[in-house]
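Subject: Structure handover and findings

Hello,

Here is the structure you will be working with. Please open it next to this email and follow along.

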Amino acid sequence: MSASLELQLQTLPKEPGVYQYFDKDDKIIYVGKAKNLKKRVTSYFTKTHDNGKTRVLVKNIVRIKHIVVNTETDALLLENNLIKKYKPKYNVLLKDDKSYPWLCIKKERFPRVFLTRRVIKDGSEYFGPYTSVRTVRVLLDLIKELYSLRTCNYDLSHQNVNEGKYKVCLEYHLKNCKGACEGLETEAHYNESIKEIRNIIKGNFKESLDKFKQMMMTFAENMEFEEAQKIKEKLDRLGNYQAKSTIVNPSINNVDVFSIISEDTHGYANFLKISNGSIIQSHTTEIKKKLDESDKELLELFIVEIRQRFNSQSPEIYVPFKVNIGENVKVTVPVLGDKRRIVELSERNAKYSRMEQFKQMKIVDPDRHVKRIMAQMKKDLRLKEEPRHIECFDNSNIQGTNPVAACVVFRDGKPSKKEYRHYNIKTVVGPDDFASMEEVVFRRYKRLLAEGESLPQLIIVDGGKGQLSSGVKALEDLGLRGKIAIIGIAKRLEEIYYPDDPIPLYLNKKSETLKITQFLRNEAHRFGITFHRNKRSKSAIQSELEEIPNVGKQTITTLLRKFKSAKRVKEASFDEIKAEVGNARAMKIHQFYHPKKENEK
């Protein structure tokens, strides 16, 4: 397997989608769908295949391309569209002209509702496509149970009905139809039923479903349990019915969809081509910014280039914001509905393309990845230089006991654990976070200055304005204010505070800058609280042994080295203690824990 293929496999998303395999001539040789793209595509290269055709396919794969979708059903429908368009060499099952089923509400007086595999542009409404004919039939059965609709194909025009051209058929006598052909049902009443059916098909079937449940209860009350059970089964099946896919919509035809996701140095633009209501093409491009171009400028360039490259004649495009590409193309910025969901799908593909580029960058060019993150942090946190060296401080104490502090160090966005430091608070009495923060920041940078060590570009203190002010005062005392950037991060809403600025900064919850800042804060807290617990535990153990008269620290250390805890010292026999610290000290220790027994000797 080539290095480029191996790199692609490592960075595939774990989302549902469609994958395409290309050969050395850059021709599509296979299209497949997957619930998990990474797992499915990787399996081709990691398993031993019994099928000879599959082994030959894998041998001929030179390049992989994929399209991310929302659900596995969407992937199935998109796979069908792509196979019909490109007819890949190794695809067989979906290469014929078979289409998925649709539900049609015919454009006519007293509309019929029926299943079809052909979408005809005659003004009728089409819903779907559905991946299962059974689902459509269950839905039709439900509609027939609830509503009396005609099934004949008569032309029920006003003239034909008034002239009595048609007579009611057996369906009327079976109460499956109300006799619209003889004018026994009004058009308004029939259309009200069609309106409710339209809601059911779209998934908004609460009112009609209530009627259906009432029908089931009526059957049960009338002791018609078999009929009630049939309706219950239809209700259960209907629960598996899903709303129509965003992949295909017959009302959207011959449209190009464009979107862009960008950062400081690069943009990632996606193109989806929709023909006859189906997505038949997807293309994502990484665009390197030469100047400080806006998303609008980049997307306009991308649209012109892609439409020329693929010779697109689509009269309309969907985009996330307004663009200017000439008067011959209609530009639509969808806000709601299926059109908006298609733009969101395009944005999602652009987003995943960017994520894959980041993953590949980490593997192939880690330095570029670091530069990108540092540049982003500099911009987001409004710093004068990239924060290659960051230090974060946190205080730990419980009710003022054993106050300690921790300093963690990050270099190039990653922990440098060998540079982590613990601090015992020396000059502060009681639980005073502000004074403790001032002490530890002062001690840290006084020492770095004395030893000639490099200073960080950014200091983060865990806390709000109070802790930040204490850190700033320590830097002022050392003459470092203005030379090192310092900020505070408050836990509750993740506010970022700056010196002399009462209004906090709120970073995007999904931004890498906030994630790294939170990582620093959490790491400082973890490192500090671990030290605090160990110190408190050790203090509790030693305090009990220190109460023994005429027993010094060296003896306590010897006992703890042997017995590990004060409890085990208490449980130890006189001879065991004597073996460690001698007869005289052993008598004092044993008498302290067992005064009655010692007096009896």
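Below is what was found in it, topic by topic.

**Ground rules**

This is a predicted model, where local features need pLDDT of at least 70, side-chain atom pairs count only at pLDDT 80 or more, and totals for chains, interfaces and linings use all residues. Residues are numbered from 1 along each chain as its sequence is written, and side-chain values use heavy atoms, with hydrogens and water left out.

**Overview**

The protein has 21 helices and 19 strands. Both are DSSP runs numbered from the N terminus: helices are H or I with at least four residues, strands are E with at least two. Of the 601 residues, 47% are buried. Buried means under 20% relative accessible area, exposed means over 50%, and partly exposed is in between (1.4 Å probe, protein chains only). Next, contacts, meaning heavy atoms within 4.5 Å. Among contacts between residues at least 6 apart in sequence, 57% join residues at least 24 apart.

**The largest pocket**

Rolling a probe the size of a water molecule over the atoms shows where empty space is left. The search runs on a 1 Å grid over the protein atoms alone. A cavity is a set of points where a 1.4 Å probe fits but cannot get out. A pocket is an open set with protein on both sides within 12 Å along at least five of seven lines. Lining residues have an atom within 4 Å of a point. Points are joined across faces, edges and corners, and a volume is the space filled by probe spheres set on them.

The largest pocket holds about 950 Å³ of space. Its lining has 26 residues, and Phe358, Arg372, Lys510, Ser511 and Glu512 lie nearest the centre. Which helix gives the largest share of this lining? That is α13, with seven residues. Helices α12 (337-364), α13 (366-380) and α16 (512-546) each supply at least two. By class, the lining has twelve charged, eight nonpolar and six polar residues. Here Asp, Glu, Lys and Arg count as charged; Ala, Val, Leu, Ile, Met, Phe, Trp, Tyr, Cys and Pro count as nonpolar; the others, Gly among them, count as polar.

**Thr517**

Helix α16 also contains Thr517. Is Thr517 buried or exposed? Thr517 is buried, because its relative accessible area is 0%. Leaving aside neighbours within four places in sequence, Thr517 touches Met377, Ile460, Ile489 and Ile496. A polar atom of the Thr517 side chain lies 2.8 Å from the backbone oxygen of Thr513. That is a polar contact: a pair of N or O atoms within 3.5 Å, where, within protein, one must be able to donate a hydrogen and the other to accept it. Residues adjacent in sequence count only if both atoms are side-chain atoms.

**The largest cavity**

There is one cavity of 30 Å³ or more. Its volume is about 90 Å³. It is lined by 14 residues, and Arg150, Cys152, Cys169, Cys177 and Cys181 are the closest to its centre. The lining divides into nine nonpolar, two polar and three charged residues.

**Salt bridges**

Side chains of opposite charge can pair when their charged atoms come close. A salt bridge is a side-chain nitrogen of Lys or Arg within 4 Å of a carboxyl oxygen of Asp or Glu. The count comes to 26.

- Lys330 pairs with Glu316, with the closest N and O atoms 4.0 Å apart. Lys330 is in strand β11 (330-332) and Glu316 in strand β10 (316-318), 14 residues apart. Lys330 is exposed at 53%, whereas Glu316 is buried at 16%.
- Glu347 and Arg340 meet at 3.6 Å, N to O. Both are buried.
- Glu476 and Arg481 meet at 2.7 Å, N to O. Glu476 is partly exposed at 43%, and Arg481 is partly exposed at 35%.
- Glu108, Arg112 and Arg150 form one network through shared partners.

**Helix α2**

Helix α2 (37-46) has these buried residues: Leu37, Val41, Ser43, Tyr44 and Phe45. They pack against α1 (3-10), β1 (17-22), β2 (28-34), α3 (52-60) and β3 (63-68). At the start of α2, a side-chain oxygen of Asn36 comes within 3.2 Å of the backbone nitrogen of Lys38.

Best wishes
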